[in-house]
Amino acid sequence: MTTTLISAADLAARLDTSDVRVFDVRHDLTNHSAGRQAYDAGHIPGARYLDHETELAAARTGKNGRHPLPDRAQFGALMAAHGVTPQTLVVAYDASGGMYAAHLWWMLRWLGHDRVAVLDGGWQAWTAAGLPVSHEPAPAVQPGQPVEPGAALAGAVDAQAVLANLSQPSFTVIDARAANRYRGEVEPMDPVAGHIPGALNRPNGENLQQDGRFKTAEQLREEFSRVLAGREPASIVHQCGSGITACHNLLAMEIAGLPGSRLYPGSWSEWCSDPARPVAKGE
């Protein structure tokens, strides 16, 4: 069974059970220390902190994007050190509408672990409900039996596949960045503005209601069906700036009952690092 979302109330009811492991992945792309500082200031009881820059990404070469995927076996060992087993329900939360939590959700599915959910509404939903907040240090990390990578439940493509797709299309790219970044009008994170030629645009912020929770499955299905325009979900590859917010669209499609799309992990930050790769601007 693949899990997508869990409510604050449902998580609170399961918080003391041994088969649940909660991860705080609050983060700020412009202030890399902000997430850990937020965790130290208060977190869901028992939650463990994971850093998107140092633990959930591999070394950067300048050509592989801002958040390259770690080695699957090393990622499995990290999860084992935090007590994750094949029976563990992993719950991820952040304070950014679920975009960092969705990235961990996707990474665990990529590892072959299907018991993973995102806290709907994140930290804000937890505190708004008046649920307990802990200031205790993070639980100790203990080396354990590595979570061996299994058959991936989430697919990925690389830059070469995206480049080849331009001349021989077999999939459609959906860009999760804000519309003005997609059009190339602004670029706050990467050295080149624009988008991958032929990519469609679905800003990931459109997946949320005003209260920060995901829209209903019915709403998401209607909206993504308009974007897909008859395309099969399995023919969709998601990208963003560095492979994080694209996972928000992947999660939204799963919620909508449109499973099977894939991720281009390197995304725009990898794509634009090679001046030989073409760049499009405008709509």
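Which residues does Glu-254 touch, not counting residues up to four places away in sequence? They are Thr-4, Trp-105, Arg-109, Pro-259 and Gly-260, where contact means heavy atoms within 4.5 Å. This is a predicted model, in which local features need pLDDT of at least 70 and side-chain atom pairs count only at pLDDT 80 or more, while totals for chains, interfaces and linings use all residues. Residues are numbered from 1 along each chain as its sequence is written, and side-chain values use heavy atoms, with hydrogens and water left out.

**Helix α9**

- Glu-254 is found in helix α9. Helices are DSSP runs of H or I with at least four residues, strands are runs of E with at least two, and both are numbered from the N terminus.
- Glu-254 counts as buried, because its relative accessibility is 18%. Buried means under 20% relative accessible area, exposed means over 50%, and partly exposed lies in between (1.4 Å probe, protein chains only).
- The rest of the helix can be read the same way: 11 of the 11 residues of α9 are buried. Among them are Thr-245, Ala-246, His-248, Asn-249 and Met-253.
- After α9 comes Gly-257, with a positive phi near 80 degrees.

**Where α4 meets α9**

- Helix α4 covers residues 99–111 and helix α9 covers residues 245–255. Their axes come within 7 Å and cross at roughly 75 degrees.
- Axes are lines fitted to C-alpha atoms, for helices over the stretch in contact, and angles run from 0 to 180 degrees between N-to-C directions.
- From α4, the contact uses Met-99, Ala-102, His-103, Trp-105, Trp-106 and Arg-109. From α9, it uses Thr-245, Cys-247, His-248, Leu-250, Leu-251 and Glu-254.
- These contact residues divide into 7 nonpolar, 3 polar and 2 charged. Ala, Val, Leu, Ile, Met, Phe, Trp, Tyr, Cys and Pro count as nonpolar, Asp, Glu, Lys and Arg as charged, and the others, Gly among them, as polar.

**Cysteines**

- How many disulfides does the structure hold? It holds 0 disulfides, a disulfide being a pair of cysteine sulfur atoms within 2.5 Å.
- Cys-247 is in no disulfide, and the nearest cysteine sulfur, that of Cys-240, is 6.9 Å away. Cys-247 is buried, at a relative accessible area of 0%.
- The closest cysteine sulfur to that of Cys-272 is also in Cys-240, 12 Å away, which is too far for a bond. Cys-272 is buried too, at 9%.

**The sheet**

- Five strands form an open sheet with parallel pairing, in the order β6-β10-β9-β7-β8. Two strands pair if DSSP finds at least two bridges between them.
- The edge strands are β6 (155–156) and β8 (200–201), and each pairs on one side only.
- Strand β7 (residues 172–175) runs parallel to β8, joined by 2 bridges. Ile-174 stands opposite Leu-200 in β8.
- β7 also runs parallel to β9, joined by 4 bridges. Here Val-173 stands opposite Val-237.
- Are the faces of β7 covered or open? Both are covered: Thr-172 and Ile-174 are buried on one side, and Val-173 and Asp-175 on the other.
- Gln-239 sits in strand β9 (residues 236–239). Gln-239 is buried, with a relative accessible area of 0%.
- Not counting residues up to four places away in sequence, Gln-239 touches residues including Val-173, Ile-174, Ala-246, Ser-267 and Trp-268.

**Loops and positive phi**

- In general, most residues other than glycine have a negative phi.
- Ala-229 is not a glycine, yet its phi is positive, about 50 degrees. Ala-229 lies in the loop between α8 (217–228) and β9, and counts as exposed at 58% relative accessibility.
- Ser-267 also has a positive phi, near 50 degrees. Ser-267 lies in helix α10 (residues 267–271) and is buried, at 0%.
- Ile-44 is found in the loop between α2 (34–41) and β3 (48–49). Ile-44 is buried, at 0%.
- Leaving aside neighbours within four places in sequence, the contacts of Ile-44 include Leu-11, Leu-15, Tyr-93, Trp-123 and Trp-126.
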